[in-house]
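Visitor: Could you take me through one part of this model in close detail? I would like the cut-offs spelled out as you go.

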Amino acid sequence: MTHTYIEQVDEKWRESFARLVDVVEVNLPEGFERIMKYDMISYVVPLSTYPKGYHVTPNTPLPFISLAAQKRHLAVYHMGLYTDKVLLSWFQEEYARRVPTKLNMGKSCIRFTNTKNIPYDLIGELVSNMTPMQWITKYEGELAK
């Protein structure tokens, strides 16, 4: 299913998008599972690990990272950035230090409009920064607020 998604990505984004998928898969801690969700390649905490799942849609694995090729950009959605201020601050500082362009980011979405400026090494470090158990702890902490 994910290979079909990559094959359907616009040619101008396809090589960079495939590389992003590879970087995530090489660096993501063990225990996350790749699925297709929200019309994106998503990495989730499976229900076998976290049976409570995602509170918004019961019986759905807990989302963590999603990758999408949009019309005007590539997107990396990293829910840990939304819940962990220390991780967010680290990422913003490292991005500014390593990448010549301004960070284009929402609450959890990093957007890349120029494939020449994708910091694959930094994305690899980012995704390696949180295990499934750490993500569950952060997620439950947010729910308790």
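Guide: Let's start at Thr83, which is found in helix α3 (residues 79–83); helices here are DSSP runs of H or I with at least four residues, strands are E runs of at least two, and both are numbered from the N terminus. This is a predicted model, in which local features need pLDDT of at least 70 and side-chain atom pairs count only at pLDDT 80 or more, while totals for chains, interfaces and linings use all residues. Residues are numbered from 1 along each chain as its sequence is written, and side-chain values use heavy atoms, with hydrogens and water left out.

Thr83 counts as buried because its relative accessibility is 13% (buried means under 20% relative accessible area, exposed over 50%, partly exposed in between, with a 1.4 Å probe and protein chains only). Leaving aside neighbours within four places in sequence, Thr83 is in contact with Trp135, Lys138 and Glu142, where contact means heavy atoms within 4.5 Å.

A search of the whole structure finds seven aromatic pairs. For this, rings of Phe, Tyr and Trp (its six-membered ring) pair if their centres lie within 6.5 Å; planes under 30 degrees apart count as stacked, over 60 as edge-to-face and the rest as tilted. Phe91 and Tyr95 have ring centres 6.0 Å apart and planes at 45°, so that pair is tilted. Phe91 and Tyr95 are both buried, and because they sit four residues apart in helix α4 (residues 85–98), about one helical turn lies between them. Trp135 and Tyr139 also form a tilted aromatic pair, with 5.9 Å from centre to centre and 55° between the planes. Stepping back from the pairs, Trp135 and Tyr139 belong to one aromatic cluster that also includes Phe32, Tyr50, Tyr54 and Phe64.
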